[in-house]
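Colleague: I would like to learn how to read a model like this one. Can we go through it feature by feature?

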Protein chains: 2
Amino acid sequence: MAVVRPENAHQARLLRLLRDDGPRSRAELGDAVDLARSRLAAEADRLIERGLVENAGPAASRGGRRSPLLRLAATVRFAGVIVSPQRIDVAVTDGELAVLARTSEPADVRAGPEAICARVVELIGKLRAELGLNQLTAVGVGLPAPVAFAEGVPVSPPALPGWHRFPIRETLAADLGCPVLVDNDANLMALGEKHAGTARAFDDFLHLKLGSAIGCGLVLGGQVYRGATSGAGDIAHLRLADDGPLCACGDNGCLEAYSGDAALVREAVTAARTGRSTVLAERLDEAGELTVLDVARAATGGDAAAQALVRAAARRLGQILVGLVSFFNPGIVIIGGVAPGIGPVLLAEIRGLVYRRSTPLSTGTMPIVLSDLDDCAGVIGAARLASDHVLTPA
Amino acid sequence: MAVVRPENAHQARLLRLLRDDGPRSRAELGDAVDLARSRLAAEADRLIERGLVENAGPAASRGGRRSPLLRLAATVRFAGVIVSPQRIDVAVTDGELAVLARTSEPADVRAGPEAICARVVELIGKLRAELGLNQLTAVGVGLPAPVAFAEGVPVSPPALPGWHRFPIRETLAADLGCPVLVDNDANLMALGEKHAGTARAFDDFLHLKLGSAIGCGLVLGGQVYRGATSGAGDIAHLRLADDGPLCACGDNGCLEAYSGDAALVREAVTAARTGRSTVLAERLDEAGELTVLDVARAATGGDAAAQALVRAAARRLGQILVGLVSFFNPGIVIIGGVAPGIGPVLLAEIRGLVYRRSTPLSTGTMPIVLSDLDDCAGVIGAARLASDHVLTPA
């Protein structure tokens, strides 16, 4: 297929403004990109002619003549995909990256990359049919894995056994018939926060991703920072103690082995079996297993043992965060992937550690907050990555 | 005084090319900045007219007509200053940041910022007299402290008691009669490595500064990354253990309390007194005290206890570095400020840890090397910072 992309840097800037700030009049666009009126008119007309932009009716009156608004065309549609160890999330968005339709299903990444790719194609197809879309403009995909960004392949991913260097970008692009971009999921969550979350106002920030696979996305100067070989933010397997609990990666004492969902559940089962928590013991008897939601519910309900588990996990996160904050001096830290209800206990513990131990220059005015995008940050960020690609001159 | 600065972005690019790559013909400059011949000629003539650039004689013949070279004018002169806890280093450089003259003297930062500033002015005056210079173009100053870069003041510096928010930039600028820029010394060492050291070829790297005050400079995308409030790279007081040795900052178990020069000396004195090292015991008897150079000499000479001390310090550095490398994924790690002879033992230990424990994606091709700039990186970086400022359009 032929993807329509901007012909020059001016067109790219206009398209990104319309994506990030929504419909704008020609006058507003001209001011924002500092282009002469005639040049702006020519570029805007060209974008309309090429089907990337359309007229959106008159702006709200400000007393004078109503000027017509431009917006990204209704044919500009992106999909964002997040593959987690146990589920697939897919969203289709409009050009401004507002979610038009969403779906998700349980999945097991150990089924291998071919099987998961087939499900992704299927789920995207379902949403396209629902929305009556012939074609997507581009698709972004996030994996819970180190991803060599330039090649679009996961590299030695502890959470994705069997996926090492699988050509996921090429496979999906061939099946979907549009450009596909692949990145680490924590990077995409950070990008989603930058586009639509609390981080919108910040150019330098950290997004810490909790859950079954822990990760961290860095935005520096408004851009995702991936490092020399796309490995930046890879914190799950930083070692906190040589004699710590065994991690899924085969090593001992990794952050994830203390603070990942599996660790919380393991400790909760122990608390239930040793009589430290009757709430958890009852739940375990009833359901035959415990999940991180059970731990969250028990902690929120005031169970002291569950709260102690959450605090212990938070302390380990805090230990790592102290280093990251001192090293990287972000404007804000956003924490996502937190099980419902756990937030306040977790934040109190993390804030205590970070504000006490980091240098005053780094933390003087630095907020530590929970994500307010619920579980949308990843798919929005994936759509944003895809849009960044196609809204760049070829 | 009036500082002559470039009038536009083209002039700034030409000046930086001449600074970074040395004398160039007009044709070479035109190629590098992609300017039409007539426009280039006009900008170059204007730079000569304003005294920033001068003719440097003909280029080496390449068979045809010899084209004349341009270079930064002989009146473009920078100074770089590094204030360490126990000494002041000053260098004056030419426009290409080659060191023309250097001096240093012992100093004690506890004498306070006014006294140290007076010594800096005196030392710069001495070098100016030596070189017959009326005027410096700009001066860069590095401090072993968190520095609020926009304001040019140190903020709560553990290594500089009494310096909190002292207006060092304004004080020196008034005394020296030229623009002064102030930054954290580790940032400046990183900038020096970028200009003249191993890191010249890298856009993303870490520079780890050992010695009496430990620090880390980050270069991202070719620029020093300072973070949201100029605190990036501040790793000296990351805590490795709650029950670790007391640090000069008043806290326990900081990296510097394990791996700083003072820690090495303290452990060496213990090794001497407890009979673990006869070499160190003899040296302590003889001199009445030990320095980090004594430890280095003993380790290089094969003393097992001294080697064990260096390895222990290196392990703590390695522990921190594992996190930084995973998090930041640099193209190279450069270690500076290492006492003579200690390098091989230190590197072996650090490399062992980092390559074993960091993720393969981050360390696959990442070298860890010692700085080859000896103790010049800081003053060259300080001069570079000063030059970046004045080679930017006002």
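Modeller: Start with the disulfides. This is a predicted model. A disulfide needs two cysteine sulfur atoms within 2.5 Å.

Colleague: How many disulfides does that rule give over all chains?

Modeller: The count is 0.

Colleague: Take a cysteine, then. Is A:C254 buried or exposed?

Modeller: Compare its relative accessibility with the cut-off: buried means under 20%. A:C254 has 1%, so it counts as buried. B:C254 also has 1% and is therefore buried.

Colleague: Where is A:P58 placed in chain A?

Modeller: In strand β2, which covers residues 53-58 of chain A. A:P58 and A:L70 lie 12 residues apart in sequence, and their C-alpha atoms are 9.1 Å apart.

Colleague: Now the whole chain. Into which domains is chain A divided?

Modeller: Read the residue ranges, and watch for a domain written in two pieces. Domain 1 is 9-72, domain 2 is 78-194 + 377-390, and domain 3 is 201-371. Over C-alpha atoms, the centres of domain 1 and domain 3 of chain A are 43 Å apart.

Colleague: On to the interface. How many residues does each chain bring to the contact?

Modeller: Chain A brings 39 residues and chain B brings 39 residues. Next, look at the area. About 3000 Å² is buried between chain B and chain A, and carbon and sulfur atoms give 63% of that.

Colleague: Which elements of chain B give two or more residues to the side that touches chain A?

Modeller: They are β12 (215-220), α11 (304-328) and α13 (360-363) of chain B. α11(B) supplies the largest share, 6 residues.

Colleague: And the polar side of the interface? How many salt bridges and polar contacts are counted between chain B and chain A?

Modeller: Keep the two counts apart. There are 0 salt bridges between the chains. The rule for polar contact finds 16 residue pairs across the interface, with both residues at pLDDT 80 or more.

Colleague: Show me one close pair of polar atoms. What lies 2.7 Å from the backbone nitrogen of B:T229?

Modeller: A polar atom of the side chain of A:N329. A:N329 sits in the loop between α11 (304-328) and β14 (332-336) of chain A.

Colleague: Is A:N329 buried or exposed?

Modeller: Apply the cut-off again. A:N329 has 0% relative accessibility, so it counts as buried.

Terms used. Residues numbered from 1 in each chain as written. Chains lettered and ligands numbered in written order. Predicted model: local features only at pLDDT ≥ 70, side-chain atom pairs only at ≥ 80, totals over all residues. Heavy atoms only, no water. Domains from an automatic or database assignment. Buried < 20%, exposed > 50% of the residue type's maximum accessible area, 1.4 Å probe, protein only. Contact = heavy atoms within 4.5 Å. Buried area = accessible area lost by both parts, 1.4 Å probe. Salt bridge = Lys/Arg side-chain N within 4 Å of Asp/Glu carboxyl O. Polar contact = N/O pair within 3.5 Å; in protein donor to acceptor, adjacent residues only side chain to side chain. Helix = DSSP H or I, 4+ residues; strand = E, 2+ residues; numbered from the N terminus.
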